[in-house]
Amino acid sequence: MGTQLLARGLKSSECGMVWNVERPRDVEAIHLAYRNCGCDLITTNSFGGSRFALERHGLADRVAELNCAAAQLARVAAGPDGWVLGDVGPFGDFLEPVGDITADELRAAFHDQIVALLEGGADAVLVETMSDPAEAVVGVEAAKACSIKVPVIVTYAFQKTPSGQFRTMMGAGVAAAVQQATAAGAEMVGANCGTSLNLEDYVELARQMVRAAGPAPVIVQPNAGSPQWKDGRTLYHATPEQMAETASKLLAVGVRIIGGCCGTTPAHLAAMSRAVKAA
Ligand SMILES: [Zn+2]
């Protein structure tokens with residue numbers, strides 16, 4: 001979603017969620033491009049939709065409006081057979097004791113966001129790009145407090161240490177991160193985005209995720225390869241064919257839901273969908 005909003009002219013300093021009400025046809029067109037290229041699940045345009053994240057754009061009083069609109073747009077584009085994942089991204093700061101925000105304050109903020117996403121028609125909640133398992137747990141708790149029936153997915157952003165281990169920015173390893181999410185009640189766990197992981201890294205990470213997750217289905221949404229920076233822009237170079245090959249490998253190691261994060265486009269997802277559905 002972020003990749004596509006930027007491609008349509010959003011400035012990286014701007015709040016993309018405003019487009020849910022000011023440029024809804026653009027957001028809808030992005031959803032439809034994904035839905036029509038073979039995606040069964042589409043994700044709402046609400047990554048920075050908590051009160052704390054919206055506050056940075058002076059929009060803290062529009063949580064309900066912008067999140068409900070996000071879910072409504074995705075709901076229409078998904079159609080009766082598609083799933084809408086209500087997107088909840090990091091609140092953008094640190095929980096106590098490192099930062100100033102308490103778990104109770106964050107739970108209330110996530111709760112307000114998720115209420116609006118469910119009201120707008122989300123089928124499940126995707127707590128994504130998490131670095132701190134404690135924040136992920138708060139996200140799961142907030143979702144379950146909204147509805148015990150709503151499936152909750154937690155995905156973490158990993159990086160690779162010099163010794164070759166996968167760790168979140170906050171230092172959590174794969175097994176611990178997975179365990180905390182499922183213990184809190186997440187039905188599905190996995191990884192998305194990440195820092196400078198190449199496509200083979202995602203396959204190895206997926207292998208470790210599947211092992212750690214036990215019976216919980218695993219979801220992986222890789223970036224389109226490791227990013228490169230040129231003229232102040234972030235570029236992702238993996239081709240649709242390379243992403244399709246990666247998708248097949250993810251499926252083979254036991255991943256059950258496959259998508260794409262930064263740099264992936266409908267062309268990438270179309271190739272990935274074809275590869276997965278032919279398997
Ligand atoms: Zn990403």
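## D26 and its neighbours

D26 touches R8 and W19, leaving aside residues up to four places away in sequence. Touching, or contact, means heavy atoms within 4.5 Å. The side chain of D26 also makes a polar contact with the side chain of R8, at 3.1 Å. A polar contact is a pair of N or O atoms within 3.5 Å; within protein, one must be able to donate a hydrogen and the other to accept it, and residues adjacent in sequence count only if both atoms are side-chain atoms.

D26 sits in helix α3, residues 24-36. Helices (H or I, at least four residues) and strands (E, at least two) are DSSP runs, numbered from the N terminus. Is D26 buried or exposed? D26 counts as buried, because its relative accessibility is 17%. Buried means under 20% relative accessible area, exposed over 50%, and partly exposed in between (1.4 Å probe, protein chains only).

## About the model

This is a predicted model: local features need pLDDT of at least 70, side-chain atom pairs count only at pLDDT 80 or more, and totals for chains, interfaces and linings use all residues. Residues are numbered from 1 along each chain as its sequence is written, and side-chain values use heavy atoms, with hydrogens and water left out.

## Helices α5 and α6

Helix α5 (residues 63-78) packs against helix α6 (residues 103-119) at an angle of about 35 degrees. Their axes are 7 Å apart. Axes are lines fitted to C-alpha atoms, for helices over the stretch in contact, and angles run from 0 to 180 degrees between N-to-C directions.

Which residues make the contact? From α5 come V63, A64, N67, C68 and A71. From α6 come D112, Q113, A116, L117 and E119.

## D104 in helix α6

D104 is found in helix α6. D104 is exposed, because its relative accessible area is 55%. Its side chain makes a polar contact with the side chain of R107, at 2.7 Å. E187 is 83 residues from D104 along the chain, and their C-alpha atoms are separated by 22 Å.

## The zinc ion

Which protein donors does the zinc ion have? They are C193 (SG), C261 (SG) and C262 (SG), lying 2.2 to 2.3 Å from the ion. Donors are N, O and S atoms within 2.8 Å of the metal (3.2 Å for Na, K and Ca); water is not among the atoms, so sites may look incomplete. In sequence, the donor residues are spaced C-x67-C-C.

C261 is buried, with a relative accessible area of 18%. C262 is partly exposed, at 24%.
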